[in-house]
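Dear colleague,

Here is the structure we spoke about, with the sequence alongside.

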Amino acid sequence: MGVLMLSTEAGDIDDVLRQEWLQLLLAALIAFAVLAVATGFLLVRITRPLRALADGADAVRRGERQVSAIPNLALRGDEIGDLSIALRSMTAALYARMDAIEQFAADVAHEIKNPLTSVASAIETLQRTADEEKRRKLMGVVRDDVRRLDKLISDISDASRLDAELSRERASDVDLTGLIPAMAQMFENPDKPDTPVFKLDMPVEGLVVRGLDGPLAQVFRNVIENAVSFSPKGGVISIVASSAGGRATITIDDQGPGIPEDNLEAIFRRFYTERPASHGFGKNSGLGLSISRQIVEVHGGHIVASNLRDAEGAVRGARFTIDLPLAKP
């Protein structure tokens, strides 16, 4: 049995505690300084740019039609820079869509006003003439213009629904080897020997694209209808499909008069129409090829027009080439 006694001089424990408190205070000051630096870094590099993007988006919402309202932070090279690029691209696309809608409305008003003016003039003249032959011709003009208005309104309605349909419908695999012959068959009429003859060269398989079968069918229906309207009696319409490099290429050739070189691009403009007299008045609104290009481009493809020429360089028909990406296996 024994007793152990430890002792220290007064003030030693206080010195140890004081040193511990100083070290703790120093650590707290360092932590506060690091927190302040981090907060400033976040404010400058993250919070302030995000606030600028938010203010820019709000300015666009208020109707300030300027892409510059969204700050360009592409040089940052980080996620905020990517967000800035995406917002600016979205804003530019929005303005482009608004301009397109405005132009479309102006085109619609112009195209509808023409037949309405013609109808009004014919009715006014009809009231002032007693000649039955003239009255009969004027009534024919009225009927033709009413038919044209009906076609215009129907095609304008289809065109206005196209954007919503393309964005709302879910894409699926579309087999062009079955779709294209079905569209060509719609225009075949064995009872009329003067109708064009279709010559198809399609692969057995492997021509599947990812998209919407309804709009894609509309593309081929519009282009084939265009070829039929310009084909001579008993002419041949050749449709050739092939695939290479992950893309499908379809060419539709006719034996018509071809397309003026200056109009190879103009034919894809809205309401542009130039039909032979045999096709009938008011049966075409000039929206078919414009809608076809819009659908093809939404599917990641291209559609172009060109002329076929013989060895002497003379035009012997028109060709429409449609290029679409194949579906990934």
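Leaving aside residues up to four places away in sequence, Thr195 touches Asn189 and Gly234. Please keep in mind that what you are looking at is a predicted model. Thr195 sits in the loop between helix H4 (176–185) and E2, and with a relative accessible area of 17% this residue is buried, because the limit for that label is under 20%. Thr195 and Val236 lie 41 residues apart in sequence, while their C-alpha atoms are 9.1 Å apart in space.

**The sheet and the helices on it**

Five strands make up an open sheet with mixed pairing, and their order is E2-E4-E5-E7-E6. At the edges are strand E2 (197–201) and E6, each of which pairs on one side only, and from one strand to the next the twist averages 20 degrees. Strand E4 (residues 236–244) and E5 run antiparallel and are joined by seven bridges; within this part of the sheet, Ala244 stands opposite Arg247 in E5. Helix H5 packs on the sheet, where it touches E2, E4, E5, E6 and E7, and its direction makes about 175 degrees with that of E7. Helix H6 also packs on the sheet, touching E6 and E7, and the direction of H6 makes about 30 degrees with that of E7.

**The nonpolar cores**

The largest nonpolar core has 45 residues, and those with the most contacts inside it are Leu176, Phe220, Ile239, Ile250 and Ile252. Helix H5 (residues 213–230) gives the largest share of this core, namely seven residues.

**Salt bridges**

A search of the whole structure finds nine salt bridges, and I describe some of them here.

In one of them, the side chains of Arg147 and Asp144 meet, with 2.8 Å from N to O. The two residues are three apart in helix H3 (residues 132–168), so about one helical turn separates Arg147 from Asp144. Arg147 counts as partly exposed, at 40% relative accessibility, and Asp144 counts as partly exposed too, at 27%.

Another salt bridge brings together the side chains of Asp323 and Arg247, at 2.6 Å from N to O. This pair links distant parts of the chain, since Asp323 belongs to strand E7 (residues 315–325) and Arg247 to strand E5 (residues 247–253), 76 residues apart. Asp323 is buried, with a relative accessible area of 15%, whereas Arg247 counts as partly exposed at 27% relative accessibility.

Arg293 forms a salt bridge with Glu265, in which the closest N and O atoms are 2.3 Å apart. Here too distant parts of the chain are linked, with Arg293 in helix H6 and Glu265 in the loop between E5 and H6, 28 residues apart. How accessible are Arg293 and Glu265? Arg293 counts as buried, at 15% relative accessibility, while Glu265 counts as partly exposed, at 48%.

**Helix H6 and what follows it**

Besides Arg293, the buried residues of helix H6 (residues 288–298) include Leu289, Ser290, Ile291, Ser292, Ile295 and Val296. The backbone oxygen of Ile295 lies 2.8 Å from a polar atom of the side chain of His299. His299 itself lies in the loop between H6 and strand E6 (302–309), and this histidine is buried, with a relative accessible area of 11%. Just after H6, Gly300 takes a positive phi of about 80 degrees.

With best wishes

Notes. Residues are numbered from 1 along each chain as its sequence is written. This is a predicted model: local features need pLDDT of at least 70, side-chain atom pairs count only at pLDDT 80 or more; totals for chains, interfaces and linings use all residues. Side-chain values use heavy atoms; hydrogens and water are left out. Buried means under 20% relative accessible area, exposed over 50%, partly exposed in between (1.4 Å probe, protein chains only). Helices (H or I, at least four residues) and strands (E, at least two) are DSSP runs, numbered from the N terminus. A nonpolar core is a set of buried Ala, Val, Leu, Ile, Met, Phe, Trp, Tyr and Cys residues joined through side-chain atoms within 4.5 Å. A salt bridge is a side-chain nitrogen of Lys or Arg within 4 Å of a carboxyl oxygen of Asp or Glu. A polar contact is a pair of N or O atoms within 3.5 Å; within protein, one must be able to donate a hydrogen and the other to accept it, and residues adjacent in sequence count only if both atoms are side-chain atoms. Two strands pair if DSSP finds at least two bridges between them. Axes are lines fitted to C-alpha atoms, for helices over the stretch in contact, and angles run from 0 to 180 degrees between N-to-C directions. Contact means heavy atoms within 4.5 Å.
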